[in-house]
Amino acid sequence: MAQMADDGGGQEKGKGKKRAKKGMPHVDMTPMVDLAFLLLTFFVLTSTFSKPKVMSLVYPAKPKGPVELDGTTQINNAVTFLLSDDRIFYYEGAFYTDGNAKGAPNTVLLETDFSAGGIRKLLTNMNRFVLEKKAGYDSELNSKQIADTTYLRKVREAKADIKALKVLIKTDDIATCKNFIDLIDELKIADIGVIAPVDIMQSELELVKAKTGK
Amino acid sequence: MAKISKPKSSPTVDMTPMVDLAFLLVTFFMLSASFRTDEVVQVDTPSSISDKIIPENVIMVTVDPKGRIFYGMSGNDTLKTVVLSSMADKYKLKLTKEQYSEFAKLTDFGCSMSEMPAYLDMGKEERKTFVEQGGTKGIPADSSNNQLKDWIHFGNIASLASGEKAYTKAKEAGANPEVNDFKPKFVLKVDGKAAYVYAKHVIDVFRDLNLNNLNFVTSLEQDPRQTPE
């Protein structure tokens, strides 16, 4: 490969200078390539690309003293979800047991599942008020009739409206964290503004146990 | 037919473009890499559609599938040392200088205060096997001995104090900082398979301290509203 350069004219010979080699000098790059790929492999394997994401949830402040319920508390557009091990039950409105003051029939638990056809469809139906309003604001935003800030404010207002769906979440002893987070996730997909994880009542727990048989 | 003469010397391949590419990729990965933090337990977090990135300044409580509680916090060595010394004072524990500096290196830990000196004396790998084999029950959080509450409480105080300093510093530097960026955020990292009652217990501890805004660590999943049907 490397060849001795021809001797030039007599002048250069006299100075004793060597002429540069002609053509590209070949450097063996194999070790460098090895190293480069080694480093590459190392970084590919050790790096974690996606930083973990967080889902925020604001809990209600704990009441200072015991809360007295006077029975006149109205529950508007509320649905209660009861979570058990990978199963999800719900009932709408207030909870009625035998011999309740209003004489309403006993609450019956309905069951749904975590699939798109289950809970997602259910919530979309129940929360139609907010979703329809939001769709209206969306188109207004897209046609630039309202500003971003106005849009966010209006959506927030719609979510806090008395007609918007409110959700209570109760869990039994065998529900997993995945069930809980999945449910919260579905609620966020359905644009539900008021989410309240609360303690399960004994009477509700009994109904769930009767359903699951555990 | 003309004969095609084979070159006598071994064919040289010009590797320059390949090397260029290799180094380009190396540079890219080096700069974009955020290394996996060395946590004592690996938990498998559930997924959600939330795309909010985990905040910088956090107090993180981890719940593993067995329901054990681990505590970790972001911040520099001084901050962690302050928190540990407050805890050591409260639980009347004497720790050496080495143990303090060892504690500052930990991303998270899960042991009671009585186990703490032995836990800190362990090596990194030793600690991992200790936790894996169930040598510790995690940080106690029952009502009679609620050490988790103290950890969160002292962590919050120390983090707020250092956050305040950073805030005034940023303000003096002429920036217009957001106060909330300097306050610690409370993050809950729960394993999907862990029973919710364990997580609920931790949430109740936070709520007892009047810290009601919690964040759950989740992995990202596709938002079904954005997929065309």
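Modeller: The centres of domain 1 and domain 2 of chain A, taken over C-alpha atoms, are separated by 27 Å. Domain 1 of chain A consists of residues 78-123 together with 165-212, while domain 2 of chain A covers 128-164; such bounds come from an automatic or database domain assignment. Before going further, please note that this is a predicted model, in which local features need pLDDT of at least 70 and side-chain atom pairs count only at pLDDT 80 or more, whereas totals for chains, interfaces and linings use all residues. Residues are numbered from 1 along each chain as its sequence is written, and chains are lettered from A and ligands numbered from 1 in the order in which they are written.

Chain A holds an open sheet of 5 strands in the order β5-β4-β3-β6-β7, with mixed pairing; strands here are DSSP runs of E with at least two residues, helices are runs of H or I with at least four, and both are numbered from the N terminus. Two strands count as paired if DSSP finds at least two bridges between them. The edge strands of chain A, β5 (110-112) and β7 (194-197), each pair on one side only. On average, and ignoring direction, neighbouring strands of this sheet are turned by 25° against each other. Within the sheet, β3 (residues 78-84) and β4 (residues 87-92) of chain A pair in the antiparallel sense over 6 bridges, and A:Leu83 stands opposite A:Ile88 in β4(A).

Helix α7 (residues 202-212) of chain A lies across β3, β4 and β6 (166-171) of chain A, and runs at about 55° to β3(A). Angles run from 0 to 180 degrees between N-to-C directions, and axes are lines fitted to C-alpha atoms, for helices over the stretch in contact.

Next come two helices of chain A that pack together. Two packed helices are described by the angle between their axes and the distance between the axes. For α3 (residues 116-126) and α6 (residues 177-189) of chain A, the angle is about 40° and the axes are 9 Å apart. Angles under 35 degrees count as roughly parallel, over 145 as roughly antiparallel, 65 to 115 as roughly perpendicular and the rest as oblique, and α3(A) and α6(A) are therefore oblique to each other. Their crossing is right-handed, a word used when the near helix is turned clockwise from the far one by less than a right angle, with anticlockwise giving left-handed. In this packing A:Ile119, A:Arg120 and A:Leu123 of α3(A) meet A:Glu186, A:Leu187 and A:Ile189 of α6(A), where residues are in contact if their C-beta atoms, placed from the backbone, lie within 7 Å. Sorted by class, this contact of α3(A) with α6(A) has 4 nonpolar, no polar and 2 charged residues; Ala, Val, Leu, Ile, Met, Phe, Trp, Tyr, Cys and Pro count as nonpolar, Asp, Glu, Lys and Arg as charged, and the others, Gly among them, as polar.

Finally, chain A also meets chain B, with 42 residues of chain A in contact with 49 residues of chain B. On the side of chain B that touches chain A, the largest share, 9 residues, comes from α1(B), and the residues of that side divide into 28 nonpolar, 13 polar and 8 charged. Strand β2 (residues 53-58) of chain A also pairs with β3(B), in the antiparallel sense and over 2 bridges, and A:Val54 stands opposite B:Lys52 in β3(B).

Definitions and conventions:
Two residues are in contact if their C-beta atoms, placed from the backbone, lie within 7 Å.
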